[in-house]
Amino acid sequence: MDRTEPRLEHTVADGVATVVISNPAKRNAMTAAMWRALPVLLAELAADPSVGALVLTGAGDTFCAGADISSLRDPAHDPQRLAVAAEEALAAFPLPTLAAVRGYCVGGGSQLAAACDLRFAAEGARFGVTPAKLGIVYPSSSTRRLVALTGPATAKHLLFSGELIDAGRALRTGLVDEVLPAGGLDERVGAYVRTLVSRSRLTQAAAKEFAAGRTDRDGHWAGQARGSGDTAEGVAAFLERRAPRFTWRAQTPGAGTAATGG
């Protein structure tokens with residue numbers, strides 16, 4: 001494989017899927033093919049019962065510089081539609097997602113980072129939402145997601161100006177959740193996702209839906225909890241002073257009811 005070709009790389013290890021945006025010639029800009037590939041890859045990883053969390057990051061010292069600008073000149077690619085589809089697929093991923101950000105996280109890169117549940121950044125990271133530099137109307141869904149993270153004033157600042165902000169300001173405004181010293185990002189992300197995969201997927205799945213505003217599934221999740229055994233296992237593990245062994249897994253297509261043990 002030509003390691004310089006634009007592509008999405010992924011690995012699965014110890015319950016964690018890591019997806020790497022790699023386009024080294026263009027600061028990991030997303031090509032049309034990469035936008036199309038991301039929802040397909042996410043669906044595959046969501047169906048993998050060994051996956052308990054997902055990390056999205058960029059190759060080298062850049063997260064993602066946005067969409068490959070050359071693709072904007074070819075309307076046949078419809079890059080905004082592709083970007084929104086990829087962003088929504090990431091937001092809908094049924095397991096916890098974390099963006100690990102180094103360097104530039106700009107334009108479409110910010111869209112992808114915002115679609116993750118959490119964002120950890122290295123000191124020196126830079127964030128920007130830059131459609132005003134290109135005369136592009138930012139998608140309504142992406143705008144709402146940005147406002148939900150940062151509040152309307154910061155979202156307007158980013159969208160109106162296209163200026164980049166540093167990791168400290170991103171942390172203060174809610175665009176990122178943690179900022180790590182240089183060299184400390186991988187260690188912190190690794191430790192955090194190990195914690196995530198040790199926790200109840202039932203709790204996480206319900207919390208993810210509720211946090212997204214779903215209000216009609218209380219009964220569904222109560223039924224899942226009753227049938228899962230996770231609550232009994234969590235209480236028993238606490239009383240016995242041991243690590244719990246949670247077994248609930250989300251239903252996958254063709255799998256019938258959600259798995260509750262085994």
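Reader: Which residues form a nonpolar patch on the surface?

Author: Ile69, Leu134 and Ile136 form this patch, with about 250 Å² of accessible area together. A patch is made of residues with over 30% relative accessible area and no salt bridge, where nonpolar side chains (Val, Leu, Ile, Met, Phe, Trp, Tyr) are joined within 5 Å and like charges within 9 Å. Accessible areas come from the Shrake-Rupley method with a 1.4 Å probe, and for residues only the protein chains shown count as cover. The model is predicted: local features need pLDDT of at least 70, side-chain atom pairs count only at pLDDT 80 or more, and totals for chains, interfaces and linings use all residues. Residues are numbered from 1 along each chain as its sequence is written, and side-chain values use heavy atoms, with hydrogens and water left out.

Reader: Where is Leu134 found?

Author: Leu134 sits in the loop between strand E7 (126–128) and helix H4 (140–150). Helices (H or I, at least four residues) and strands (E, at least two) are DSSP runs, numbered from the N terminus. Leu134 counts as partly exposed, because its relative accessibility is 46%; buried means under 20% relative accessible area, exposed over 50%, and partly exposed in between (1.4 Å probe, protein chains only).

Reader: What is the volume of the second largest pocket?

Author: Its volume is about 490 Å³. A pocket is found on a 1 Å grid over the protein atoms alone, as an open set of points with protein on both sides within 12 Å along at least five of seven lines; a cavity is a set of points where a 1.4 Å probe fits but cannot get out, and lining residues have an atom within 4 Å of a point. Grid points are joined across faces, edges and corners, and a volume is the space filled by probe spheres set on the points. The second largest pocket is lined by 24 residues, and Leu134 and Ile136 are among those nearest its centre. Helix H2 (79–91) gives the most to this lining, with 3 residues.

Reader: Which residues lie closest to the centre of the largest pocket?

Author: The largest pocket has a volume of about 1100 Å³. Of its 46 lining residues, Ala91, Phe93, Pro94, Lys208 and Glu209 are the closest to the centre. The largest share of the lining, 7 residues, comes from H8. By class, the lining has 29 nonpolar, 7 polar and 10 charged residues; Ala, Val, Leu, Ile, Met, Phe, Trp, Tyr, Cys and Pro count as nonpolar, Asp, Glu, Lys and Arg as charged, and the others, Gly among them, as polar.

Reader: How many cavities of 30 Å³ or more does the structure hold?

Author: Rolling a probe the size of a water molecule over the atoms shows where empty space is left. The structure holds 1 cavity of that kind, and about 50 Å³ of space lies in the largest cavity. Its lining includes Glu87, Tyr138 and Arg145, and by class it has 5 nonpolar, 3 polar and 2 charged residues.

Reader: How many salt bridges are there?

Author: A salt bridge is a side-chain nitrogen of Lys or Arg within 4 Å of a carboxyl oxygen of Asp or Glu. The count comes to 12. One of them joins Arg102 and Asp186 (2.2 Å, N to O). This pair links distant parts of the chain, 84 residues apart, with Asp186 in helix H7 (residues 185–198).

Reader: Is Asp186 buried or exposed?

Author: Asp186 is exposed, with a relative accessible area of 54%, whereas Arg102 is partly exposed at 22%.
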